[in-house]
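Here's a quick tour of a protein and the ligand that sits with it. Have the structure open as you read, and try to find each spot as it comes up.

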Amino acid sequence: QAIYLKDYTPPAFLIETVDLDVAIETGHATVTAALACHRNPAAADPSAALVLTGEELKLETIRLDGRLLGQGEYALCDDRLLIHAELPESFTLTTVSTINPDGNTQLSGLYRSKDGYFTQCEAEGFRRITWFLDRPDVMAKYTVTIHADKAQFPVLLGNGNPVGAGDEEGGRHWAKWEDPFRKPSYLFAMVAAKLDMLEDWFVTKSGRKVRCAVYVEPGKLDQCGHAMAALKKSMKWDEDVFGLEMDLDHYMIVAVGDFNMGAMENKGLNIFNTKYVLARPDTATDIDFQNIDRVVAHEYFHNWTGNRVTCRDWFQLSLKEGLTVFRDQQFGMDMHSAGVTRIQEVRTLRTAQFPEDAGPMAHPIRPASYAEINNFYSATVYEKGAEVIRMIHTLIGKDAFRKGMDLYFARHDGQAVTCEDFVAAMQDASGLDLTQFKRWYNQAGTPKLVVRGAYDAATKRFTLDVEQLYPATAYEKRLEAEGKPVARGAYHLPLVLGLLDADGRELPLRLAGETSAAGTQRVLSVTEDRQSFVFEDIAAAPVPSLLRGFSAPVVLDYPYTAAELTHLMAHDSDAFCRWEAGQRLATDILTAGIAAYQAGDGDSLAWIPTTYADAIRALLGSAFAPGGDPALVAEALALPSEVVLIEATDGTVDPDAIHAARLALRRHLARELKGPLAAAYHELKVDAPYSPEAQQAGARALRNACLGYLAEIDDAESRALVMTQFDTADNMTDTMAALAAIAQFELAERDDALARFLDKWKDEALVVDKWLMVQSTARAADTGQRVRALLQHPAFDIKNPNKVYALIRAFCAANPKHFHAADGSGYAFAADAILQLDAMNPQVASRIARAFDRWRKFDTHRQSLARVQLARIQSQNGLSRDVAEVVGKALDS
Ligand code: ARG
Ligand code: ZN
């Protein structure tokens, strides 16, 4: 059932125009589609039959150039409609089908959500609306006419421009939209709903006056301002940085509460999960505001990287996603603190992508095969894909990268292309040979970079030996077994570095063979399995600052001493490396602590070096020194998460020891630094009216990090502090920080606080999601029972993806202690949920099933418990392709 990239063939037919008519009635919708088709001159087989795809469609009639086709002139088989009738060179095929949007629980295609009807067509949802050549290399011009009840669904939207509207009998109305751009079917969208609208204008560099509109459920207009501002900032940024302008007169964002993913870049009519639109200081946290900036920018940037130039086939998904994530990351760095943004990206990569690359679902950013494409909207395709683009940017430099982008658009505007086409533009614009670099597109796994430094006082040379390791992953092993081996070889990657002397100064860098030093930071081009770099004129043994800005998505192995890490934490000019040094130091200590807990001696705390609290005290103090950045310090105060520690474990993972060691270290720091933490907490109070901008948000982040530590002391004083913040906070960031601290403990205060919070916010769906998540991610001993009980709570709704993600996915993916409970209750809970969800929404079910990815890393007892649940899921009749792929690969690993 796997599909292979190497089997790609051009479509036998192309579609010039699509004229859709969608009549929404009670209980069903009637879809009439007139497709102007012709044979593709580039088709492999000039006499191939016309085969359209459709899913859950009831075909009513079919006409060829107006003539009704009879039985025998076409055939329906599974999801395919085969035309037997003889076809002229070009013709119009018109189908009438009925669909059932109200019963569409998959949220793919046209579906009902509270206030109306919405669509999601990427990747293969358009076939759930009408019969089509539902593949991205078939690009057509679309018009759509929508009919619906006027009172219930007053707003009718489509891609492009409104070209007509009117009333119909029976209290109904219609509207017609026309998109002037050719596009693949996955970018089609329509909406018929009751919505409020916020409107604003953006004038492009060349003078186009673009109407920007944000549509939300009635009553939520006061939560749209931030998204609108983000949209206008994105439009400006893309003009300034890439010279790319908006190409339509209308740019609409519609927020919907039921949505599988984050948002969708449909041409001129983005559809968003409400989570990435709605925000008000009292309902959304600083992180929510920041995420809205990023997702609005992401979807807007897709207008060029995705829509104007799209993917030839779904194997090329990273062509648009990796590049667009890279673009939204660059935007984020310009809008917020660059250092903090980068640290957060690396954290996301390590928590979501590294485990994927190490597990049964490992795949390169361009997979060679898949069973279900929806499983490949992955951290690898998105996040690692962005890292790959970033490496090109680092290797060729900003100016050549911009030239490469210009060349990419000059060559491919209006086309559906491949990752090779993108890399070729970058290569041609920069003159750098990227042949070897392309291995990043074909090889899976996180490479390990083993670096050793040797200083020779006699010659004043510092030599770095660099070795790359890239053992085969589950992906390569499977393809090998299928007789489709993937060639593997060394990667081409940028190693950005500096050298620090004993005083923390950056040394001028001169490589052997160079006549003079060139700066204090270098981009080394690593291309070999083993390679050495020799720096000259180094007066004394330096401390290398390696992989600055996380210049490549690798695991770095360098034998830093604790003293060297403390030195980097204090002096490195690179924010990422300062943070990284702290994470490494903590990881080394925690690794010893985990071993101590396994040996039964953890509680002695003998594994915590006496100097550690001093290093953290200095770190905290640096936030208040001139030039100090509280946001960065907040990042540095956070110990590596349990998920990151699981990945850092060689050998069998012990989730209880990981949890115990991490918590003990937090409590140790809290006790040792109680005074400075409390002082910082009071110092950092923000008195100005709330704003989500970086400086205030940074102060809140550090203040709440201090609160979190203080709460670990768990005495009357710290409880009072937490409760006071919970009761008096005037913004959701501070409220949630307090509630998260309260939720850790099984105290009477907890249940009371949670009850009051729900009572206050029960009508704000996104805030209720926070209420669920703060409970599903709590470490309190009763979390498992509580999460099971919450499944029955009226505030939970298994049909709503956001609710499922907040309660079930967060428990499985972000609460390892409870998910991996030794009695197997977490695994059984997940399996029950997956089976229940699979029957209604396979995409969501499959995302939960990914919680089992790392089951092989645990002890044999837990493995046997996980295997039972995986087997139970696999044996389910009618299991979706989505879940079957994930569970099948997990069991085969
Ligand atoms: N292209 C969208 C984005 O990244 C994601 C949509 C994916 N949807 C899906 N059902 N796989 O912005
Ligand atoms: Zn995207």
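Let's start at ligand 1, where 13 residues gather around, and Glu-122, Met-261, Met-264, Asn-374 and Tyr-377 come nearest. Two elements give two or more residues to this shell: strand β20 (263-264) and helix α2 (286-301). Keep in mind that you're looking at a predicted model.

**Around the ligand**

**The protein as a whole**
- Count up the secondary structure and you get 28 helices and 31 strands.
- The radius of gyration is 28 Å, close to the 29 Å that the globule rule gives for 893 residues, so the protein is as compact as a globular protein of that length.
- Along its principal axes, the C-alpha trace spans about 85 × 70 × 60 Å.
- Buried residues account for 52% of the 893 residues.
- Take the contacts between residues at least 6 apart in sequence: 70% of them join residues at least 24 apart.

- An unreviewed UniProt entry lists residues 227-440 as "domain: Peptidase M1 membrane alanine aminopeptidase". That span is 56% helix and 9% strand, and its end C-alpha atoms lie 34 Å apart.
- The unreviewed entry also lists residues 445-558, as "domain: Peptidase M1 alanyl aminopeptidase Ig-like fold". Here the chain is 7% helix and 39% strand, with its end C-alpha atoms 19 Å apart.

- In soluble globular proteins, nonpolar side chains tend to be buried together.
- The largest nonpolar core has 273 residues, and the ones touching the most other members are Ile-253, Val-254, Val-277, Leu-702, Leu-739, Ile-834 and Ile-848.
- Which helix gives this core its largest share? That's α11 (residues 575-598), with 11 residues.
- Zoom in on Ile-848: leaving aside neighbours within four places in sequence, its contacts are Ile-808, Arg-809, Cys-812, Ala-830, Ala-833, Ile-834 and Leu-837.

**A closer look at Glu-383**
- You'll find Glu-383 in helix α5 (residues 379-396).
- Is Glu-383 buried or exposed? It counts as buried, because it has 26 C-beta neighbours inside 10 Å, and the cut-off for buried is 20 or more.
- Beyond its neighbours within four places in sequence, Glu-383 is in contact with Val-325, Thr-348, Leu-349, Ala-352 and Gln-353.
- Gly-504 is 121 residues away along the chain from Glu-383, and their C-alpha atoms are separated by 33 Å.

How values were computed:
Residues are numbered from 1 along each chain as its sequence is written. Chains are lettered from A and ligands numbered from 1 in the order in which they are written. This is a predicted model: local features need pLDDT of at least 70, side-chain atom pairs count only at pLDDT 80 or more; totals for chains, interfaces and linings use all residues. A residue is near a molecule or strand if its C-beta atom, placed from the backbone, lies within 6 Å of it. Helices (H or I, at least four residues) and strands (E, at least two) are DSSP runs, numbered from the N terminus. UniProt positions are given in the numbering used here, feature names are shortened, and annotations may be inferred rather than shown by experiment. The radius of gyration is taken over C-alpha atoms; the globule rule is 2.2 Å times the number of residues to the power 0.38. A residue is buried if 20 or more other C-beta atoms lie within 10 Å of its own, exposed if 12 or fewer, and partly exposed in between; C-beta atoms are placed from the backbone. Two residues are in contact if their C-beta atoms, placed from the backbone, lie within 7 Å. A nonpolar core is a set of buried Ala, Val, Leu, Ile, Met, Phe, Trp, Tyr and Cys residues joined through C-beta atoms within 7 Å.
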